[in-house]
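Subject: Structure for your reading

Dear colleague,

My notes on what was found in it follow directly after.

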Amino acid sequence: MLGEPAKHISERALTVWKIRGIITSVISLLIYVTISVVIFIFHWPKWIMIPLVLLWIVETYFIIFFNPKLRWKIWRYEVREQEIEIQHGLWIVTKTLVPMIRVQHVDTTQGPLLKKYHLASVKISTAATVHEIPALEDVEAEELRHVISNLARVADEDV
């Protein structure tokens, strides 16, 4: 029986996820402000704004501080000769084994935030779906792409 996958994603993922959390929080704030304006325009009860403010504070704390740390601790992966193992999730833990023989191609992707922090995601495509290992150091992601590609080619030749 195999244990947990050994490798974590980059710690710089925390910064990227916090920035994404801030952006999401600002968008939520704009929505809550719009709701508050509607409350004033239509003379609805003002007490409705108190739960909105509390909800925004809790949501902001969760998506900026709590969620990135938890996500980083949970995300794990490992590439072996015969398979790739990916594990993530808190309440519903998803453990995925991707046989090398099923790998069709491997991509690295970088959005603007990932690029700024020298991170990239590795996407592993099979006939059925695409599996992603997010926020790896860009050099590590490139090396991993080559390793998986070579192992998948070897596995394909064995068939």
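Threonine 94 is partly exposed, because its relative accessible area is 30%; here buried means under 20% relative accessible area, exposed means over 50%, and partly exposed lies in between (1.4 Å probe, protein chains only). This threonine belongs to strand E4; helices (H or I, at least four residues) and strands (E, at least two) are DSSP runs numbered from the N terminus. Threonine 94 and alanine 152 are 58 residues apart in sequence, and their C-alpha atoms are 23 Å apart in space. Lysine 95 also has its place in strand E4, and this lysine counts as exposed because its relative accessibility is 55%. From lysine 95 to glutamate 85 the separation is 10 residues in sequence and 7.0 Å in space, C-alpha to C-alpha.

Please note that this is a predicted model, in which local features need pLDDT of at least 70 and side-chain atom pairs count only at pLDDT 80 or more, while totals for chains, interfaces and linings use all residues. Residues are numbered from 1 along each chain as its sequence is written, and side-chain values use heavy atoms, with hydrogens and water left out.

Strand E4 is part of an open sheet of four strands, in the order E1-E2-E3-E4 and with antiparallel pairing. Strands E1 (7-8) and E4 (94-99) stand at the edges with a single partner strand each, so one side of each has no neighbour in the sheet. Two strands are said to pair if DSSP finds at least two bridges between them. E1 and strand E2 (residues 76-79) run antiparallel and are joined by two bridges, with lysine 7 standing opposite tyrosine 77 of E2.

How many salt bridges are there? The count comes to six, where a salt bridge is a side-chain nitrogen of Lys or Arg within 4 Å of a carboxyl oxygen of Asp or Glu. A network of them links Glu78, Arg80, Glu83 and Glu85. Arginine 80 is buried because its relative accessible area is 16%, whereas glutamate 78, at 22%, is partly exposed. A further salt bridge joins glutamate 142 to arginine 145, with the closest N and O atoms 2.3 Å apart. These two residues are three apart in helix H4 (residues 138-158), so about one helical turn separates them.

Two residues deserve a note on their backbone angles. Most residues other than glycine have a negative phi. Histidine 43, which is not a glycine, has a positive phi of about 55°, and lies in the loop between helix H1 (13-41) and helix H2 (49-74). Alanine 135 has a positive phi near 50° and lies in strand E7 (residues 130-137). Is each of these buried or exposed? Histidine 43 counts as exposed because its relative accessibility is 68%, while alanine 135, at 3%, counts as buried.

Tryptophan 44 is likewise found in the loop between H1 and H2. With a relative accessibility of 42%, tryptophan 44 counts as partly exposed.

Yours sincerely
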